Amino acid sequence: MTTEQKGRNAGWRTELRGAMSAKERGAIPRVKMPELDPAYRVTCNEEVNQGISAEQAVLEATRCMDCPDPQCVTGCPVHIDIPGFIKNIQRQDFAAAAATLRLSSALPAVCGRVCPQEKQCESRCIYHKMKKEPVAIGYLERFAADTDRNNPCKSPAERPQSNGIKVAVAGSGPAGLSFAGDMARRGFEVTVFEALHEIGGVLKYGIPEFRLPNSIVDSEIATLESLGVTFVKNCLVGKTISRENLAADGFKGLFVASGAGLPRFMGIPGENLIGIMSSNEYLTRVNLMGAGRNDSDTPVTQGKTAAIIGGGNTAMDSVRTARRMGASRAMIVYRRSEDEMPARAEEIKHAKEEGVEFLTLHNPVEYLGDERGHVRAMRVQRMALGEPDESGRRSPVAIEGAIEEIPVDMVIVSVGVSPNPLIPNSVEGLNVSRRGTIEVDDSTMESSVKGLYAGGDIVRGGATVILAMGDGKRAAQAMAQALLG
């Protein structure tokens with residue numbers, strides 16, 4: 001936070017403290033997010049979280065304790081001025097709140113919906129020391145961004161003056177969009193090349209509309225276009241166009257944000273049976289290509305008894321999608337306990353409300369097929385928890401002889417992804433890890449090839465939206481400094 005921001009926030013604290021004491025603010029209960037009824041929402045793709053009202057937002061913003069050294073900012077990978085935008089909401093200057101968000105984040109409406117705030121900014125809130133629930137920073141971020149987007153009197157974004165320097169981005173996911181926004185605001189001429197026919201990357205193909213509506217992603221992309229960012233679809237950097245082609249076209253830098261779209265499987269017997277697929281394929285077919293709609297040409301398996309293997313957010317997205325696609329029984333099969341699940345607590349809660357079963361401490365060891373080669377059952381090994389592994393989670397240990405057979409007609413494997421190998425394999429001199437990720441300097445995100453920067457899943461191998469955005473911001477700052485000398 002800058003000295004100017006600290007001074008301004010201190011002034012607001014003085015202004016707003018007169019209305020309510022710290023004790024009174026601390027007595028206000030945390031706002032509850034309005035949600036669609038579970039019985040209704042499993043029948044459609046409408047967004048589950050409905051958003052808070054202006055009155056709720058102002059009251060929740062009033063809970064903020066005006067910390068002189070706000071630790072919530074240190075928990076944000078893109079370093080949003082959290083006290084600044086929250087105090088603007090309390091003052092009911094919602095446009096200023098949105099403007100404060102956009103100084104640091106290219107995708108505030110997205111982040112307000114899908115970021116794990118409970119593990120990041122909200123985890124540093126001073127309310128934890130008071131044994132109370134933290135300020136709902138994520139809900140307030142969503143409110144400010146949505147209110148700004150729906151404001152009919154909103155002024156169009158002012159396009160920065162161009163500095164004449166062209167830079168390219170490979171991939172239009174959160175890392176690429178964050179980088180593009182920051183570079184455009186600095187006056188660079190940014191072109192984003194996307195391999196698919198839709199802009200948005202994992203925000204479009206990986207996250208269901210009941211969590212993140214496509215209209216929200218499209219609105220954020222339109223904001224970037226108003227800043228001068230150009231988007232090119234159906235173009236694979238490393239295949240359709242090479243890094244040498246980009247240099248010949250006058251691009252002075254390349255940021256690689258091509259993601260981790262290569263699914264992993266477990267390598268167990270029967271995994272090639274019909275009806276078994278990766279979560280990547282399943283969600284892409286449904287989210288991006290409209291599989292299951294009456295007017296869609298894209299087929300997708302629609303099982304009545306679906307097993308989703310894994311315990312992360314992607315597994316929750318898959319199992320909740322399966323329920324909406326008609327599965328009367330949908331279950332999460334996870335080899336650890338629920339306490340070890342990496343998925344957000346909110347996603348687990350929503351899945352349970354929607355009738356999802358949780359088969360924890362179970363691990364599939366074999367799939368069985370029928371005479372047509374279609375999966376009909378899975379054999380699962382019961383597990384117990386042993387000592388913690390390198391991640392800090394307790395390792396699952398098989399219970400000898402404890403194997404059971406469960407009928408299924410669809411299995412979605414969600415046990416991780418690997419980086420897209422196209423660019424790593426096409427650039428000479430690029431240092432790549434044995435996991436297939438591009439190796440970069442952690443502070444600048446520059447690779448071993450001068451002028452080539454990278455971030456997001458192609459570097460991390462799998463991460464959250466906000467961590468990918470943080471990579472894009474660091475890369476933009478470093479590349480801008482390098483190109484402007």
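1. The accessible surface of the protein chain is about 21,300 Å², by the Shrake-Rupley method with a 1.4 Å probe. Carbon and sulfur atoms hold 49% of that surface. This is a predicted model: local features need pLDDT of at least 70, side-chain atom pairs count only at pLDDT 80 or more, and totals for chains, interfaces and linings use all residues. Numbering runs from 1 along each chain as its sequence is written, and side-chain values use heavy atoms, with hydrogens and water left out.

2. The protein chain has 18 helices and 15 strands. These are DSSP runs (helices H or I, at least four residues; strands E, at least two), numbered from the N terminus. The radius of gyration, 23 Å, is close to the 23 Å of the globule rule for 485 residues, so the protein chain is as compact as a globular protein of that length. The radius is taken over C-alpha atoms, and the rule is 2.2 Å times the number of residues to the power 0.38. Along the principal axes, the C-alpha trace spans about 70 × 60 × 50 Å.

3. Of the 485 residues, 55% count as buried, meaning under 20% relative accessible area (1.4 Å probe, protein chains only). Contact means heavy atoms within 4.5 Å. Among contacts with a separation of 6 or more, 70% join residues 24 or more positions apart.

4. The second largest pocket has a volume of about 670 Å³. A pocket here is an open set of points on a 1 Å grid over the protein atoms alone, where a 1.4 Å probe fits, with protein on both sides within 12 Å along at least five of seven lines. Volume is the space filled by probe spheres set on the points, which are joined across faces, edges and corners.

5. The lining of this pocket has 29 residues, each with an atom within 4 Å of a point. Nearest the centre lie Arg 30, Glu 118, Tyr 139, Arg 344 and Glu 346. Helix α15 gives the largest share, five residues.

6. Gly 173 sits in the loop between β1 (166-170) and α9 (174-185). It is buried, at 10% relative accessible area. Beyond neighbours within four places in sequence, Gly 173 contacts Gly 200, Gly 201 and Val 202. Its C-alpha is 7.7 Å from that of Ser 258, 85 residues apart along the chain.

7. Ser 279 lies in helix α13 (residues 279-288). At 7% relative accessibility, Ser 279 is buried. Leaving aside neighbours within four places in sequence, its contacts are Thr 314, Ser 318, Ile 412, Val 413 and Ser 414.

Notes: Buried means under 20% relative accessible area, exposed over 50%, partly exposed in between (1.4 Å probe, protein chains only).
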